[in-house]
Amino acid sequence: MIERSLADLARALATKEISSVELTRLYLDRISRHNPQLNAFITVDPAISLAQARAADERLARGEGGPLTGIPLAHKDIFCAQGWLTTCGSRMLSNFVSPYDAAVIARFKAAGAVLLGKTNMDEFAMGSSNETSFYGPVRNPWELNCVPGGSSGGSAAAVAARLAPAATGTDTGGSIRQPAALCNLTGMKPTYGVVSRYGMIAFASSLDQAGPLARSAADCAVLLNAMAGFDERDSTSLERPTEDYGRDINTATADKPLAGLRIGLPAEFFGDGGSPEVMQLVDAAIADYRRLGAETVAVSLPSMSLSVAAYYVIAPAEASSNLARFDGVRYGHRAPQYRDLDDMYSKSRAQGFGAEVKRRLLIGTYVLSHGYYDAYYLQAQRIRRLIASDFAAAFRQCDVIIGPTSPSTAFRLGEKAADPVQMYLSDIYTIAVNLAGLPGISIPCGFAGGLPVGLQLIGNYFDEARLLGTAHRYQQATTWHLQHPDQFDD
Amino acid sequence: MSLTLEQVRRVAHLARIEISEVEADSTLGHLNEIFALIETMQAVDTSGVEPMAHAQDVAQRLRADRVTESDEVAQRTAFQAIAPETEAGLYLVPKVIE
């Protein structure tokens, strides 16, 4: 049951082969046995999950089930869920039981999905290894001494170890795609504005976007169909006609299913940045794509090398503004002792935030402070324009851009924790996509030293369906995405 | 460029994050490494490039300025149930005006 696709699970539920309560119990049992090793979940609440499962079973019995009715899903602890502890991986919110649902949570609820649990994450989504969580690091199911990636590391570890059929994540600089790559999953960051950010705790508002983490492109399409849609409560939500993101998946197969597809290979993705083992597998995947009928063209993203620098101005600047709301007044942590109001703010924030969050808030405050704004923030926004223009030029020559997701396989716990700059550079291939606001997906493309390697596909604005279709054709021709760590089989 | 300890303390104050001397010292080192990375951006001539604030060129939507919440007492009760300190529907903080 735990290897079945979401479509197969929906069929099993519809035909009464299994009930939602049984399926939910199966996963809750797996979580109770395997989560202590992985630390993928922050909160599990079997009573709520099973009540939702019973309601889903009643809905299925009435014949009113949809593609996700009765299917348990894990959600990153960045999404507010009514009645659930919602921590964002921080001590600051370690006592925050949300009084309302995020748009994403509400949409899954309306679809009849079961909330299986809230997953661990880097504190306020600031991190690439899940080591900045107040709740402790998550371990990679493929190698417990390695990181699962971040910041959606708990969601990735949960799905990789089959503790959930699928999960949600958020991606500000690679936080869905990089953990997907490091845990052998398919993870998609949609175009900025496609999924509502309402109730999704803000990090860097011009970059944050929610998306699915799953075992295949087909499963990602099912999740994205439920997640996407206009929401007037998010001022950046885009009013667009409803679309079926699985439309390029559910078409008949051909001998050369990708004939006519032009794949752009940016020189900047194939320099000396990626480790040789990773690049070898990326090259092999590109050869597979040629066999599927795609043609490849050389493109260039000359400003991409500046993306990390620009990101570490823009994201901290926006974070310093967004996280000003955590002041110990209305919710969250308040210091037990203080002299006056100002001291209450400063102590509550000093105690509530961890080291990496503090670092970024200081960077953000500094670059926005009087006299530095033009040199940093405005310059970063101009670099951002150059990066977006590079992509626009590249997409005049190709339909999809392909390269590595991460320069290396999963690194060891603690390896980069003391060196922020090294950690930041692990997102070198993903950050530019967020700056431009484009959709991107990471899919499994092989193993190096027993650890998964991810292939990144980047599409033009609103090209999610084509990206998912392009990923799906590769997954029809390969079995990398079906591999799973065997120590959680029991 | 390089930050000074005094600047770190000043920024920490602006951000309302209490910082100990030991923390300020270690933070200074990390921030200077990060700013060395950020500085690579300064070498690029961006004159004439329009700053990009946002991924989509969309105008802010407007809405009528009217109360849309229903059952505001229940809403307030739910939201204040998780507050550190409230009284009579108000959030309490230390005395600000003498």
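Here is a short tour, with something to select at each stop.

Before you click: this is a predicted model, where local features need pLDDT of at least 70, side-chain atom pairs count only at pLDDT 80 or more, and totals for chains, interfaces and linings use all residues. Residues are numbered from 1 along each chain as its sequence is written, while chains are lettered from A and ligands numbered from 1 in the order in which they are written.

**Stop 1: a helix in chain A**

Select residues 464-477 of chain A, and you have helix α15. (Helices are DSSP runs of H or I with at least four residues, strands are runs of E with at least two, and both are numbered from the N terminus.) The 14 residues of α15 reach 20 Å from first C-alpha to last, close to the expected 20 Å at 1.5 Å a residue; that expected span is 1.5 Å times one less than the number of residues.

Now color its buried residues, among them A:L467, A:L468 and A:Y474. Buried means that 20 or more other C-beta atoms, placed from the backbone, lie within 10 Å of the residue's own. What do they pack against? Show β5 (186-189), α7 (217-227), α8 (276-291), β9 (400-404), β10 (440-448) and β11 (451-459) of chain A.

**Stop 2: where the chains touch**

Bring in chain B. The contact takes 40 residues from chain B and 54 residues from chain A, counting two residues as in contact if their C-beta atoms, placed from the backbone, lie within 7 Å. On the chain B side, α2(B) gives the most, with seven residues.

Zoom in on α2 (21-38) of chain B and on α11 (residues 355-368) of chain A. Their axes, lines fitted to C-alpha atoms over the stretch in contact, are 11 Å apart at an angle of about 60 degrees. Look for A:R359, A:L362 and A:I363 meeting B:T27, B:H30, B:L31 and B:I34.

**Stop 3**

Most residues other than glycine have a negative phi, and most peptide bonds are trans.

Select A:G150 and A:S151: the peptide bond from one to the other is cis, with omega near 10 degrees. A:S151 sits in the loop between β3 (114-119) and α5 (153-160) of chain A.

A:A125 lies in the loop between β3 and α5 too, and its phi is positive, near 65 degrees. Is A:A125 buried or exposed? Buried, with 30 other C-beta atoms within 10 Å.

Last, pick A:C88, a non-glycine residue with a positive phi of about 55 degrees. A:C88 is buried as well, with 32 other C-beta atoms within 10 Å.

Terms used: A residue is buried if 20 or more other C-beta atoms lie within 10 Å of its own, exposed if 12 or fewer, and partly exposed in between; C-beta atoms are placed from the backbone. Axes are lines fitted to C-alpha atoms, for helices over the stretch in contact, and angles run from 0 to 180 degrees between N-to-C directions.
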